[in-house]
Every structure is written in structure tokens, then in C-alpha cells.
Amino acid sequence: MKIPFFHFMPYKISSYFKKSTHSAPLAVFRIGFGLMMLISIIRFWSYGWIEKLYLKPDFHFSYYGFEWIKPIGDWTYLIFIICGLSAFFVALGYKYRLAIITFFLSFTYIELMDKTTYLNHYYFISILSFLMCFLPANAYFSVDAYHRKVQYDRIPKWCIDSIKLLLGIVYFYAGLAKINSDWLFKAMPLKIWLPSKYDLPFIGENLMQQEWFHYAMSWSGMLYDLSIPFLLLYRKTRVIAFLLVVFFHIFTRVLFPIGMFPYIMIIGSLIFFEKDVHLRIIGFIKRGIRFLQPVKVSVEHKVHAMRYQSIILPIIGLFFLIQFLFPFRYLLYPGELFWREEGYRFSWRVMLMEKRGYANFKVVNQKTDEYFYVDNDDFLTAFQQKQMSFQPDFILEYAHFLADHFQAQGHENLAIYVESYVALNGRRSRPYVDPNVNLLTQKRSFKPKTWILPFNDDINGL
């Protein structure tokens, strides 16, 4: 006899998973997400970034364990076409399950092709699209619903709450990350970045140059991130909170080149509103596509049947357990996180550092003691050099690439050393990598990197 998954849950928890809600918010979220992703792909292509970031470089930095994922020459354009089309189909709700899985796989492949292009919001889109693979986002107002001539106005409540929870994690963890002495008590790195915005109308020459404003931006950014998920959840503060979301993300978009992320978060925050708002949005869309004369469909006033829910819920539970714990993996490493960056990525630490480096690689023949220095321009683009110069896993991977390159040219008995200096958040540049360590003796792994020199300073906080 098959035992329901709910049988093993405490009563209050199992009763929650039996609750339902209107499916309109998830339908609007699906449409907004798909359209934002389609625009993002078109924008990326139109700016020539596919060629610049993936085709032009001769070498690509890879994520540990995903070294096999690389650009595939001109066929890389096909990956972007597939990603864009699948995003469009997601928006339409056409063959939704296949479309969202295809989008997740293609977008994540793009993200993993070169570590140099890492951004927090790329990671956010990957995990959000993974979550959406399990949600019935095509139950209502979708091409799939028109094809089956029935749409369901009820879905399990946890489907919408799961998206709210993920958005809340992104905001709240970003706020926790800002509780550090550099951000709050030195206004770093905003004190470096904001004065450069002197060309902004009205505020550039005055407000952006004021030290008190740098501190105000730091503290308000921290408080905003920590509080906004809760303000959006509470009905009485929801409208004000959404206005704050719009202002905050538009303002940061004006200040910093952060692409489509602000608009994605604005559209995503709509899911916190009740069904009436989303029904009005759907009504507006219907009026706009009236000329298409969509087929009449019936509305079933019952919960959309989710097959395999007893399998899906444990997967979703594990997914969120990882989201809660993974950002804290840095606690397993010694030393200062901002300096060593072990456990820094995928932890919602957004724009917390101004870090610049210098790395000069020395290739030595260990038998003859002959040596020469590497011209990084021969192998890396300017953007790759910038990222490599202050990130230890980049430095190590590049050293091994250089060894393979020069060994293929006939060089033997190689050792590679690096003279490296890094400046962090306005501090003076200081040595970063032990210059006496042959990097070829170090292997890529998740173990602490003992060859990174101490920071000899303190950044207190989470």
C-alpha cells in the first residue's frame, strides 16, 4: 500500500501542504520571468558579449568539477538561441515543463562556461528556474491551458510560497552580509564608488561627494535588505514595500551597471500581492491580445493535480536546506573571507568589495634555474586578467594552464611562481600569494589554500 508523504509530517505541517491558493500570481510570475529572460538574452547578444566573453578568449576559467563545460565555438550562439526560445515559451506557458527544464539547463550551461562572468543574479536565475521546474506555472492563463481547454484557478499554496521564500533568502542573506565593519563603519566600498558618479544630473557633483551620504547608503542598504521580505509579506506595508523595491532597484541601476537584475527583482516582487492584483494584470494582457481571439476555455475551480508531489516535496525541502546552509560554508575556512574568497561566491554577497590586484607569473626550469616572465596579454583578455589578479582559484587554474601550454612547446621541469599584490576596500596593496610556493604543487580542491598570505587586518561581521 502506498503511504502518502504527508503521513510522516506533524499535523500543522501536513495541513499547510494541503492548503491551496489562486494560481494567478504564479501565472503572472511565469510571464514576467520568461519575458525578462528573453530580453536579457537579446540584450546580451546585441551588445556583442557572446563573442567578447566566450568566443574571443583562448582560455576560459572553469568552476571546479565543471571543467568539461566550455564554449563550443560558433555553436555557442545556438545555446543562446535555445535559451531565448525556451524563455519565450515559458512566458507563453507553451510546453511549459519542457521549456523551463530547457531554459534551466541552457542558462546554467551559459553560466558555467566561464567563471570570469560570475554574477550573483546569474546564480539566482539558475536556482529559480530549477525551482520552477517543479511548479505548475502553466495551470492558469497559458497556451497549455488553452490547448487542453481547461485552466485551474487553484494550486497548492506552497508553490507560490516557495518563490517568496527564495526571494526572501536572497534579500535577507544580502542584508546579513552587509553587517560587517567595512560596510557599516567605513562605508566601503561605496566611499570609493559613489564619488565617481559626479556626472549624474542634480546629485552627482554634490550628494555623491558627501561622506555622510556614503554612510547613509551603506546603512540603508543593509536595513532595506534585512527588512524588505517581511514588509512585502505584511499586507498593511506591502504597497509601501513595493514602492521601496522599485525605488531601490531603479536607483541602484542608475548608479551601477548591474544589467537586468533590478527589473527582475521588481517583477518578481509582485508575487507577494494578492490574487486581485494579478487578475487585473492578466485582464490587461487579455485586452492587449484580444486580436488573437484565443479559444474559449473553461475554468476548473479546483486544485491543479500535481503528480508525484510525494517525490517533489522532499526535493524542494532539500533544495531549501542547501539554500539556507550553503552561504555559511565560509565558516569552514580560516582567515578573512573578503581576502581569501573561499566560500564567497553563491552566498548573496552583493557588491561588498572593491578589490584590485597584480599578478606576475614566473616560469622556472627547475634543472637549469633558467626562467622567464609571462605576458598575460598573450593568453587573457583585459577582463579575465582583472578577475584573475585577485582571486586565488583563478590564479591557481591559470598557473596550471600556463604549465600545460609551455610543456606542449617543449619546456621541461617546470615550476611556476607568482608575484601577487592585492588592494582591498581602499587599503594599501599588499602581498597576496606566497612567492616561494610552486603553484604546480598545488591542486584544485575545496581544501583551504595555505599559500595565500595572511590579511593582517580585521573585517568584523558575518
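Student: How many cavities of 30 Å³ or more does the structure hold?

Tutor: This is a predicted model, and it holds two cavities of 30 Å³ or more. The largest cavity has a volume of about 80 Å³. Its lining is made up of Y173, L176, A177, P327, F328, Y330, S347, R349 and L462. Sorted by class, these lining residues are seven nonpolar, one polar and one charged. Arg counts as charged, so R349 is the charged residue in this lining.

The second largest cavity contains about 70 Å³ of space. Around it stand F29, G32, F33, M36, F124, L128, L167, I264, M265, I267 and G268. Three helices each supply at least two residues of this lining: helix 2 (24–46), helix 6 (120–132) and helix 13 (261–269). Nine of the lining residues are nonpolar and two are polar, with no charged residue among them.

W45, I72, W75, L78, I81, I82, L85, F88, F89 and L92 form a nonpolar patch on the surface, and together they have about 890 Å² of accessible area. Helix 4 (residues 76–92) gives the most to this patch, with seven residues. I82 lies in helix 4, and its relative accessibility is 38%, so I82 counts as partly exposed.

Methods: Residues numbered from 1 in each chain as written. Predicted model: local features only at pLDDT ≥ 70, side-chain atom pairs only at ≥ 80, totals over all residues. Heavy atoms only, no water. 1 Å grid on protein atoms, 1.4 Å probe; cavity = no way out; pocket = protein on both sides within 12 Å on 5 of 7 lines; lining within 4 Å. Points joined across faces, edges and corners; volume = space filled by probe spheres on them. Helix = DSSP H or I, 4+ residues; strand = E, 2+ residues; numbered from the N terminus. Patch = residues over 30% accessible without salt bridge, like charges linked within 9 Å, V, L, I, M, F, W, Y side chains within 5 Å. Areas by Shrake-Rupley, 256 points an atom, 1.4 Å probe, with all protein chains shown as cover. Salt bridge = Lys/Arg side-chain N within 4 Å of Asp/Glu carboxyl O. Buried < 20%, exposed > 50% of the residue type's maximum accessible area, 1.4 Å probe, protein only.
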